[in-house]
Amino acid sequence: MQPPSVSDTFQYIEQTYNPTPVTSSKIIDFSQNPYQIINGDFSPRGQIQVIGSGTLLVTGNVDISGQFPSTGSGTANLNLVVLGNVSFAGQTSLTGSIYAGGNLSIHGGDTIQGEIVTGGTYTSRGK
């Protein structure tokens with residue numbers, strides 16, 4: 001059985017659920033729409049707050065250094081669908097799935113409660 005195509009999943013969500021563009025590099029707010037999109041790379045520095053739960057689409061790469069999420073409840077309740085590569089360096093606490101069109105790399109302590117689908121390699125170093 002083949003895993004789902006990340007690009008097909010991305011297109012389906014984008015066309016079906018009309019995601020809202022994320023307007024802040026520090027807050028991902030699902031309270032108005034459970035589908036959010038970032039056009040381009042997502043490489044936040046500093047604290048990131050996740051409000052509510054939902055699906056975040058990213059057309060580029062995701063590169064998060066440090067704790068994710070860094071503020072709020074302590075666990076991000078979101079699905080991450082990324083056309084490029086995903087890299088976490090630091091403590092990651094995620095309830096939801098990660099779909100990476102490219103490589104997925106996690107360096108640091110991580111707790112991921114969901115599916116992981118990658119179109120490239122999956123590397124996990126840490127606890």
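Helices (H or I, at least four residues) and strands (E, at least two) are DSSP runs, numbered from the N terminus. The structure here is a predicted model, so local features need pLDDT of at least 70 and side-chain atom pairs count only at pLDDT 80 or more, while totals for chains, interfaces and linings use all residues. Residues are numbered from 1 along each chain as its sequence is written, and side-chain values use heavy atoms, with hydrogens and water left out.

Let's start with helix H1. Its 12 residues, 6-17, reach 16 Å from the first C-alpha to the last, close to the 16 Å expected at 1.5 Å a residue (the expected span is 1.5 Å times one less than the number of residues). Its buried residues are Val6, Thr9, Phe10 and Ile13; buried means under 20% relative accessible area, with exposed over 50% and partly exposed in between (1.4 Å probe, protein chains only). Looking down the axis of H1, these residues fall within an arc of 100°, so they line one face of the helix; the arc is that of the directions from the helix axis to the C-beta atoms. They pack against strands S3 (35-38), S5 (53-58), S7 (76-82), S10 (98-100) and S13 (116-118). Just after H1 comes Asn18, with a positive phi of about 45°.

Next up is Ser97, in the loop between strand S9 (92-95) and S10. Ser97 counts as buried because its relative accessibility is 11%. Leaving aside neighbours within four places in sequence, Ser97 is in contact (heavy atoms within 4.5 Å) with Leu78, Asn79, Leu80, Gly114 and Glu115. As for Glu115, its backbone nitrogen is reached by the side chain of Ser97 at 3.0 Å.

Now for a sheet. Strands of a sheet pair through backbone hydrogen bonds, either parallel or antiparallel. In this model, 4 strands form an open sheet in the order S6-S8-S11-S14, with parallel pairing; two strands pair if DSSP finds at least two bridges between them. S6 (62-65) and S14 stand at the edges with a single partner strand each, so one side of each is left without a neighbour in the sheet. Strand S11 (residues 104-107) pairs with S14 in the parallel sense over 4 bridges, and Leu104 has Tyr122 in S14 as its bridge partner.

Apart from neighbours within four places in sequence, Thr121 is in contact with Asn103 and Leu104. The C-alpha atoms of Thr121 and Leu57 are 20 Å apart, and the two residues are separated by 64 residues along the chain.

Key: Polar contact = N/O pair within 3.5 Å; in protein donor to acceptor, adjacent residues only side chain to side chain.
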